[in-house]
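Here is a short briefing for a first look. Please keep the sequence and the 3D view open while you read.

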Amino acid sequence: MFESERKELVDKLKARKITDKHVLEAFLKVERHLFLPKALETHAYRDVALPIGFGQTISQPFTVAFMTQELQLKKGAKVLEIGTGSGYQAAILVNMGIRVFSIERQFDIYARTRKFFDEMQINALLKLGDGTIGWEEFSPYDGIIVTAGSPSIPISLKKQLAIGGRLVIPVGDRSTQILTVITKEDENVFSQKEIPAFTFVPLIGREGWDS
Ligand code: SAH
């Protein structure tokens, strides 16, 4: 279902400089409409963020593609995601052959996505908790992707990055964020690049917003 709509979406992503063929292939395969409430299904392949209930959103496809491309992953890489939400971003990564660990702080969203992943046999490790402190057990990660806007860069996440690994995180105030891409060059040596003007729901937790 919706194959031609997915193809059109991928053409739009290409026009906006998404060039990584593994990312584009994943967008052709992963069925975004399944990650949305049924009533919104027909809007699934528009390039917009949409509500998924519990005050949260599924990120805009361009944002998911852009952040994924910025991670510069190789097949088999290990990625930590903060903010599982609908699970769409995680499913894109899984489809690219990435080992995914994802944390969600809201119980209802976590439980719903976990059940959906079981039914769909999407192979990712999901956890309920505060992602601002990372997931030490499986660290270091080749990539860490934060899908909610943060007031600053959580130190725990920099620590849990592998050398050569990248952290992609929106940093800013509550209304707008700068997408920040941090590369761990060496233990305690980081380089940083910034891409302005993104909007995410807030990252809430010990190293995020209070509420
Ligand atoms: N990656 C998701 C986007 C979800 S929106 C997708 O593809 O649909 C961001 C999510 O981050 C929300 O579900 C929100 O509850 C969650 N979140 C906010 N703060 C968090 C934290 N500290 N730890 C884990 N999840 C958090």
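Which polar backbone atom is 2.8 Å from a nitrogen atom of the ligand? That atom belongs to Gly131. The model is predicted: local features need pLDDT of at least 70, side-chain atom pairs count only at pLDDT 80 or more, and totals for chains, interfaces and linings use all residues. Residues are numbered from 1 along each chain as its sequence is written, and side-chain values use heavy atoms, with hydrogens and water left out.

**The ligand**

- The protein covers 99% of the 590 Å² of accessible area that the ligand has on its own. Accessible areas come from the Shrake-Rupley method with a 1.4 Å probe.
- There are 26 residues around the ligand. A residue counts here if one of its heavy atoms lies within 4 Å.
- Glu81, Ser86, Glu104, Gly131 and Ile204 come nearest.
- A polar backbone atom of Arg105 is 3.2 Å from a nitrogen atom of the ligand.
- A polar backbone atom of Gln89 is 3.1 Å from an oxygen atom of the ligand.

- Buried means under 20% relative accessible area, with a 1.4 Å probe and protein chains only.
- Strands are DSSP runs of E with at least two residues, and helices are runs of H or I with at least four, numbered from the N terminus.
- β4 pairs with strand β3 (residues 78-82) in the parallel sense, over 5 bridges. Two strands pair if DSSP finds at least two bridges between them.
- In this pairing, Lys78 stands opposite Arg99 of β4.
- From β3 the chain crosses through helix α4 (residues 88-95) to β4, in a right-handed β-α-β crossover. Right-handed means that, with the strands pointing away from the viewer, the path from the first strand over the helix to the second runs clockwise.
- β4 also pairs with strand β5 (residues 125-128), in the parallel sense and over 4 bridges.
- Here Ile103 stands opposite Lys127 in β5.

**Lys184**

- Lys184 sits in strand β8 (residues 177-186).
- Why does Lys184 count as buried? Its relative accessibility is 2%.
- The side chain of Lys184 reaches the backbone oxygen of Leu161 at 3.0 Å.
- A polar atom of the Lys184 side chain also lies 3.1 Å from the backbone oxygen of Lys158.
- Beyond residues up to four places away in sequence, Lys184 touches several others, including Ala162, Ile163, Val189 and Phe190. Contact means heavy atoms within 4.5 Å.

Key. Buried means under 20% relative accessible area, exposed over 50%, partly exposed in between (1.4 Å probe, protein chains only). A polar contact is a pair of N or O atoms within 3.5 Å; within protein, one must be able to donate a hydrogen and the other to accept it, and residues adjacent in sequence count only if both atoms are side-chain atoms.
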